[in-house]
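Subject: Structure handover

Hello,

Here is the structure for your files. My notes on what was found in it follow below.

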Amino acid sequence: MADVEKALATQLANIETKTGKSFAELKASIAKSGHAKHGELRSWLMEKYGLGHGDANTLAHMSQKAAGASEMQSPAGTLDEIYAGKRRTCAPSTKS
């Protein structure tokens, strides 16, 4: 586990070097961006800071994780949004 944490710390340091901004500054910029979904954040980071897909993906993930799970939509909330409205139920067939 320490190797993964070390790799993330190294990647974050490289992102800070590429962007010229600290993680705290990047987090603040992300919060002001108006993007909440991971994919939107990733695309925005790639465009705004010229980051590659992997760096933008990691930064989006880390910033959302730092923001806390309470601000992110739960999987149950996502399912409720997808399946909003009247649900059709399947009844067993009466034909033989």
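**Notes on the structure**

N14 is located in helix α1. With a relative accessible area of 42%, N14 is partly exposed; buried means under 20% relative accessible area, exposed over 50%, and partly exposed in between, with a 1.4 Å probe and protein chains only. The C-alpha atoms of N14 and D55 are 8.8 Å apart, although 41 residues separate the two in sequence.

This is a predicted model, in which local features need pLDDT of at least 70 and side-chain atom pairs count only at pLDDT 80 or more, while totals for chains, interfaces and linings use all residues. Residues are numbered from 1 along each chain as its sequence is written, and side-chain values use heavy atoms, with hydrogens and water left out.

**Overall make-up**

The chain has five helices and zero strands; these are DSSP runs numbered from the N terminus, with helices being H or I of at least four residues and strands E of at least two. The order from the N terminus is α-α-α-α-α. Of the chain's 96 residues, 24% count as buried. Among contacts with a separation of 6 or more, 42% are between residues 24 or more positions apart, where contact means heavy atoms within 4.5 Å.

**Helices α2 and α3**

How do two packed helices get described? By the angle between their axes and the distance between the axes. For α2 (residues 23-33) and α3 (residues 38-49), the axes come within 11 Å and cross at roughly 115 degrees. Axes here are lines fitted to C-alpha atoms, for helices over the stretch in contact, and angles run from 0 to 180 degrees between N-to-C directions. The crossing of α2 and α3 is right-handed; a crossing is right-handed if the near helix is turned clockwise from the far one by less than a right angle, and left-handed if anticlockwise.

On the α2 side the contact is made by L26, S29, I30 and S33, and on the α3 side by L41, W44, L45, K48 and Y49. These residues divide into six nonpolar, two polar and one charged. Ala, Val, Leu, Ile, Met, Phe, Trp, Tyr, Cys and Pro count as nonpolar, Asp, Glu, Lys and Arg as charged, and the others, Gly among them, as polar.

I30 of α2 is buried, at 6% relative accessible area. Apart from residues up to four places away in sequence, I30 touches L41, W44, L45, L59 and S63. Its C-alpha atom is 8.9 Å from that of W44, 14 residues away along the chain.

S29, also placed in α2, counts as buried at 17%. With neighbours within four places in sequence left aside, S29 is in contact with W44, K48 and Y49.

**The aromatic pair**

Searching the whole structure gives one aromatic pair. Its rings belong to W44 and Y49, with centres 6.1 Å apart and planes at 90 degrees, so the pair is edge-to-face. Rings of Phe, Tyr and Trp (its six-membered ring) pair if their centres lie within 6.5 Å; planes under 30 degrees apart count as stacked, over 60 as edge-to-face and the rest as tilted. W44 is buried at 19% relative accessible area, and Y49 is buried at 16%.

The charged end of K48 sits over the ring of Y49, 5.9 Å from the ring's centre. That label requires NZ of Lys or CZ of Arg within 6 Å of the ring centre and within 35 degrees of the ring normal.

Regards
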